[in-house]
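Here are a few exercises for getting to know a new structure. Have a go at each task before you read its solution.

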Amino acid sequence: MEEWIRREIEEMLREFKRVREEISRIEEEVFRPLAPEERVQVPLYEVRRSSDCLTIYADLAGVKRKEDVDVYVEGNVLRIEARLSKPLLFEGLVFFREGITKYKLEIPLPSNADVENIKASFRKGMLEVTVPLKVQRVRVKVE
């Protein structure tokens with residue numbers, strides 16, 4: 001075989017190898033496993049307002065320990081987050097086939113909320129948060 005033909009064949013093989021490596025790199029990038037996705041759901045909740053406080057009840061079904069519940073205030077928003085120890089599945093519901101792993105709830109607070117004295121308790125999957133309201137009372141003199 002002549003020398004120039006051998007060099008051409010070697011050059012073609014190097015180019016095939018380079019193309020194969022590039023395709024492998026692209027496949028790894030496109031089909032790499034994704035990080036586990038956090039499946040978040042807004043819990044069932046109720047807000048009751050009285051003249052001097054706001055009470056929020058959140059049903060955190062599947063949450064077992066109070067250490068897995070975070071309640072905090074950012075600006076004028078009360079944020080509740082709770083992590084489930086194992087995904088909560090709702091059998092028969094198509095939208096929840098994967099099961100949820102976390103609850104997130106945001107409640108806007110009124111401007112007169114006393115955020116320094118918020119209290120929260122957690123029992124049997126039910127979270128109760130009490131937000132006192134600063135009530136300005138002025139006695140009006142009756143003439």
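This is a predicted model: local features need pLDDT of at least 70, side-chain atom pairs count only at pLDDT 80 or more; totals for chains, interfaces and linings use all residues.

**Exercise 1. Work out how the protein is divided, and how far apart Val 47 and Glu 11 are.**

Solution. Step one: get the domains. Domain 1 takes in 3–34, and domain 2 takes in 40–132. Their centres, taken over C-alpha atoms, are separated by 54 Å.

Step two: pick the two residues. Val 47 and Glu 11 are 36 residues apart in sequence, yet C-alpha to C-alpha they are 74 Å apart in space.

Step three: have a look at the start of the chain. An unreviewed UniProt entry annotates residues 2–29 as "coiled-coil region". In the model, that span is 96% helix and 0% strand, with its end C-alpha atoms 41 Å apart.

**Exercise 2. Trace the open sheet that has antiparallel pairing: in what order do its four strands come?**

Solution. Step one: read off the order. The four strands go β2-β3-β8-β7.

Step two: find the edges. These are β2 and β7 (119–123), since each pairs on one side only. On average, neighbouring strands here are turned by 15° against each other, direction ignored.

Step three: zoom in on one pair. Seven bridges hold β3 and β8 in an antiparallel pairing, and Asp 59 stands opposite Met 126 in β8.

Step four: visit the loop between β7 and β8, where you'll find Lys 124. Lys 124 isn't a glycine, but it has a positive phi of about 50°. Its relative accessibility is 89%, so Lys 124 counts as exposed.

**Exercise 3. Now trace the open sheet with mixed pairing: which strands stand at its edges?**

Solution. The order is β1-β6-β5-β4.

Step two: pick out the edges. They are β1 and β4 (69–74), and each has a single partner strand, so one side of each is left without a neighbour in the sheet.

Step three: go through the pairs.
- β1 (residues 40–41) and β6 (residues 100–108) run parallel, joined by two bridges; Val 40 has Lys 102 as its bridge partner in β6.
- β5 (residues 77–88) and β6 run antiparallel, with eight bridges between them; here Ala 82 stands opposite Tyr 103.
- β4 and β5 are antiparallel too, over six bridges; Val 71 faces Ile 80 in β5.

**Exercise 4. Which residues have the most contacts inside the largest nonpolar core?**

Solution. Step one: name them. Leu 60, Val 63 and Leu 127 have the most contacts inside this core of 21 residues.

Step two: see which elements contribute. β3 (53–59), β5, β6 and β8 (126–132) each give two or more residues to the core.

Step three: follow Leu 60. Not counting residues up to four places away in sequence, Leu 60 touches Pro 43, Val 69, Ala 82, Tyr 103, Phe 122, Gly 125 and Leu 127.

Key: Residues are numbered from 1 along each chain as its sequence is written. Side-chain values use heavy atoms; hydrogens and water are left out. Two strands pair if DSSP finds at least two bridges between them. Domain bounds come from an automatic or database domain assignment. A nonpolar core is a set of buried Ala, Val, Leu, Ile, Met, Phe, Trp, Tyr and Cys residues joined through side-chain atoms within 4.5 Å. Buried means under 20% relative accessible area, exposed over 50%, partly exposed in between (1.4 Å probe, protein chains only). Contact means heavy atoms within 4.5 Å. Axes are lines fitted to C-alpha atoms, for helices over the stretch in contact, and angles run from 0 to 180 degrees between N-to-C directions. UniProt positions are given in the numbering used here, feature names are shortened, and annotations may be inferred rather than shown by experiment.
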